[in-house]
Amino acid sequence: DENIEIFWIEENTNIADAIFTYDASMMTKSGAILMSPGKELRKGEQNLHRNFYKHNNIPIIGEITGNATAEAGDTLWLDDNSLIVGKGFRTNQEGVNQIKEIMKPLQVNVFQFDIPVYMGIEACLHLMSLISLVDHRKAFVYTPLLPVSLFKLLEEKGFTLINAPEDEFLSILVNSLISAPATKALSPEPVIITPYLFFVLE
């Protein structure tokens, strides 16, 4: 109903986490950026995305290289010119620095925040575990772990915050995939697609 075309990436049985296609690359209006996953078992996963973009004639405008690590789950577009990036166990400072350099020609402001340790290095806590957008200037967040400076930035930009209950955060975090702006009431029984919460819109 939303005229969304779905593209399928090639199967890979050597990298189990490759099923989470969001992390190994990120999109801009100008093209894709190949990330460099910080999790050891996901090393090289960006090459699956490289092949996919080349096959579909989608330009690659940048790549995270060297000792830098970065996963797209630690990034989130607030608007066309504002990107927030979380530094943590999956995305290091060099990764953040390279993202900033790639974004400069696009005139994108990059805001950096530290991600809390929470359950430790083995836990999959991305920036998008704490915040996802559900509409223009409306975000689904878990406030207790949100960095104060990020909370203030959202206030400055006029965001309405929807707080995730603790039991929902513990079970699915706040990763959300929205197919359209939430102009109508969300379904009282959303469909769960691990690890994303998919809001069903009428």
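The paragraphs below go from the whole chain to single residue pairs.

This is a predicted model, in which local features need pLDDT of at least 70 and side-chain atom pairs count only at pLDDT 80 or more, while totals for chains, interfaces and linings use all residues. Residues are numbered from 1 along each chain as its sequence is written, and side-chain values use heavy atoms, with hydrogens and water left out.

The secondary structure comprises four helices and twelve strands; helices (H or I, at least four residues) and strands (E, at least two) are DSSP runs, numbered from the N terminus. Of the 202 residues, 43% count as buried, where buried means under 20% relative accessible area, exposed over 50%, and partly exposed in between (1.4 Å probe, protein chains only). The protein exposes about 11300 Å², and carbon and sulfur atoms supply 53% of this area. Accessible areas come from the Shrake-Rupley method with a 1.4 Å probe; for residues, only the protein chains shown count as cover. Among contacts (heavy atoms within 4.5 Å) between residues at least 6 apart in sequence, 62% join residues at least 24 apart.

How is strand β4 joined to β5? A hairpin connects them through two residues. The strands are antiparallel, with four bridges between β4 and β5 (residues 82-87). In this pairing Thr-75 faces Val-85, and Leu-76 stands opposite Ile-84. Four of the five residues of β4 (residues 75-79) are buried, so the strand is largely enclosed by the rest of the structure.

Next come the charged pairs. Side chains of opposite charge can pair when their charged atoms come close. A search of the whole structure finds nine salt bridges, each a side-chain nitrogen of Lys or Arg within 4 Å of a carboxyl oxygen of Asp or Glu. One of them joins Asp-79 to Arg-137, with the closest N and O atoms 3.6 Å apart. This pair links distant parts of the chain, 58 residues apart: Asp-79 is in β4 and Arg-137 in the loop between β7 (131-135) and β8 (138-141). Arg-137 is partly exposed, at 33% relative accessible area.

Another salt bridge joins Arg-42 to Asp-23, with the closest N and O atoms 2.9 Å apart. Arg-42 lies in the loop between β2 (32-34) and α1 (46-55) and Asp-23 in the segment before β1 (25-27), so the pair ties together parts 19 residues apart in sequence. Both Arg-42 and Asp-23 are buried.

Lys-104 and Glu-101 form a further salt bridge, their closest N and O atoms being 2.9 Å apart. Here Lys-104 is exposed, at 55% relative accessible area, and Glu-101 is partly exposed, at 48%.

Terms used
Pairing = 2+ DSSP bridges.
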